[in-house]
Amino acid sequence: MTQIAADQSLTSVSNATEEAPQPIQKVSIIVSRGSLEGVYPGLIMANGARMEGIEASLFFTFFGLDAIIRKRMDHLKVATVGNPGMHMPTLLGALPGMSAFATSMMKKEMEKIDIPPVGEFLTMIHDAGCEVYACRATVDMFHLKPEDFCAEVDGVISVGQFYEKAAGAQIIFT
Amino acid sequence: MDTMTVAGKELALDADGHLANQSDWTEDIAREIAGNEGIPELTAQHWAVINFMRNVFAKEGDAPSIRRLTKESGVDTKTLYQIFPKGPAKRAAKIAGLPKPKGCI
């Protein structure tokens, strides 16, 4: 029995290698963090997917929701504490104004390479046909109301609905 | 190297299937490439995007990003995705006889 199972798995492996890999058709991207550097990768990947003709949707959860809250979306900050990538001593990063300074530097550099502010980027991504969803559990936990969100949000959905919508997609967690 | 034949002329293509020599490009060739890409007719809006891309490329050496197309070509994002289905920046660059855009946005 073991021998047969092993043979079968060998056959399926060799079949798989004969076929060329299929191009990605659909991605569902989860944004779970609310810092500037936590939000942009998901947005860039969603926009990039649409540019390649790949179907895309965005699901914002936990602090990632800040990226679709009208009053907060264009005021996200770079984390200068607890972020080894900043190459800055923790105590220095904690000085008042340090996060604002790092954020404004980063925004300047992003503008140079045509990365738009969060609000404008979301409009662009949504216009490109990417659906935008907020996580039901987080919305309830933070007592958020529909009017808190930007116009691009297509709905507040549960995890179950997220998985339904992600049928056939690659799920990317950021 | 791949080639495409337009009106009896054989044109060299790069690895992405875009025209290898921009000097080969003519408006008739643009129509031919568009046809191959599933765009049967190039409208005034298509031409606005194509000409904008060619102008930016001539000045800067890279095709503009989708954000610049949205802001400066006079055609908005929704329309761009409608008239160049399945990836406007890449597709418009191909029709405009330019290499695939390098930028991420």
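In chain A of this predicted model, strand β3 and strand β4 (residues 155-157) run parallel and are joined by 3 bridges. Strands and helices here are DSSP runs, of at least two residues (E) for a strand and at least four (H or I) for a helix, numbered from the N terminus. Strands are said to pair if DSSP finds at least two bridges between them. Within this pairing, A:V156 in β4(A) is the bridge partner of A:A134.

Residues are numbered from 1 along each chain as its sequence is written, and chains are lettered from A and ligands numbered from 1 in the order in which they are written. Because the model is predicted, local features need pLDDT of at least 70 and side-chain atom pairs count only at pLDDT 80 or more, whereas totals for chains, interfaces and linings use all residues.

Strand β3(A) also pairs with strand β2 (residues 55-60) of chain A, in the parallel sense and over 4 bridges. There A:A134 of β3(A) stands opposite A:F60. Of the 5 residues of β3(A) (residues 131-135), 4 are buried, so the strand is largely enclosed by the rest of the structure. A residue counts as buried if 20 or more other C-beta atoms, placed from the backbone, lie within 10 Å of its own, as exposed if 12 or fewer do, and as partly exposed in between.

Helix α5 (residues 118-127) of chain A has the buried residues A:V118, A:F121, A:L122, A:M124, A:I125 and A:H126. The cover over these residues includes α2 (36-51) and β3 of chain A, together with α3 and α4 of chain B. Just after α5(A), A:G129 takes a positive phi of about 105°.

Most residues other than glycine have a negative phi. A:H143, which is not a glycine, has a positive phi of about 50°. A:H143 lies in the loop between α6 and β4 of chain A and counts as exposed, with 7 C-beta neighbours inside 10 Å. In chain B, K86 is likewise a residue other than glycine with a positive phi, near 60°. B:K86 is placed in the loop between α4 and α5 of chain B and is partly exposed, with 14 C-beta neighbours inside 10 Å.

A:G34 is located in the loop between β1 and α2 of chain A. With 19 other C-beta atoms within 10 Å, A:G34 is partly exposed. Apart from neighbours within four places in sequence, A:G34 is in contact (C-beta atoms, placed from the backbone, within 7 Å) with A:V39, A:F63, A:G64, A:D66, A:A67 and A:L76. The C-alpha atoms of A:G34 and A:F60 are separated by 9.5 Å, although the two residues are 26 residues apart along the chain.

The confidence of the prediction is given by pLDDT, which runs from 0 to 100 for each residue. Chain A has a mean pLDDT of 90, and 90% of its residues reach 70 or more.

Chain B contains 5 helices and 2 strands, in the order β-β-α-α-α-α-α from the N terminus. The radius of gyration of chain B, taken over C-alpha atoms, is 13 Å, close to the 13 Å that the globule rule (2.2 Å times the number of residues to the power 0.38) gives for 105 residues, so chain B is as compact as a globular protein of that length. The C-alpha trace of chain B spans about 40 × 30 × 20 Å along its principal axes. Of the 105 residues in chain B, 33% are buried. Among contacts in chain B between residues at least 6 apart in sequence, 52% join residues at least 24 apart.

Between the chains, 16 residues of chain B are in contact with 14 residues of chain A. On the side of chain B that touches chain A, the elements giving two or more residues are α3 (66-72), α4 (77-83) and α5 (88-95) of chain B. The largest share, 4 residues, comes from α3(B). The residues of this side divide into 5 nonpolar, 5 polar and 6 charged; Ala, Val, Leu, Ile, Met, Phe, Trp, Tyr, Cys and Pro count as nonpolar, Asp, Glu, Lys and Arg as charged, and the others, Gly among them, as polar. B:C104, in the segment after α5 of chain B, touches A:I44 and A:G48, not counting residues up to four places away in sequence.

Key: Contact = placed C-beta atoms within 7 Å.
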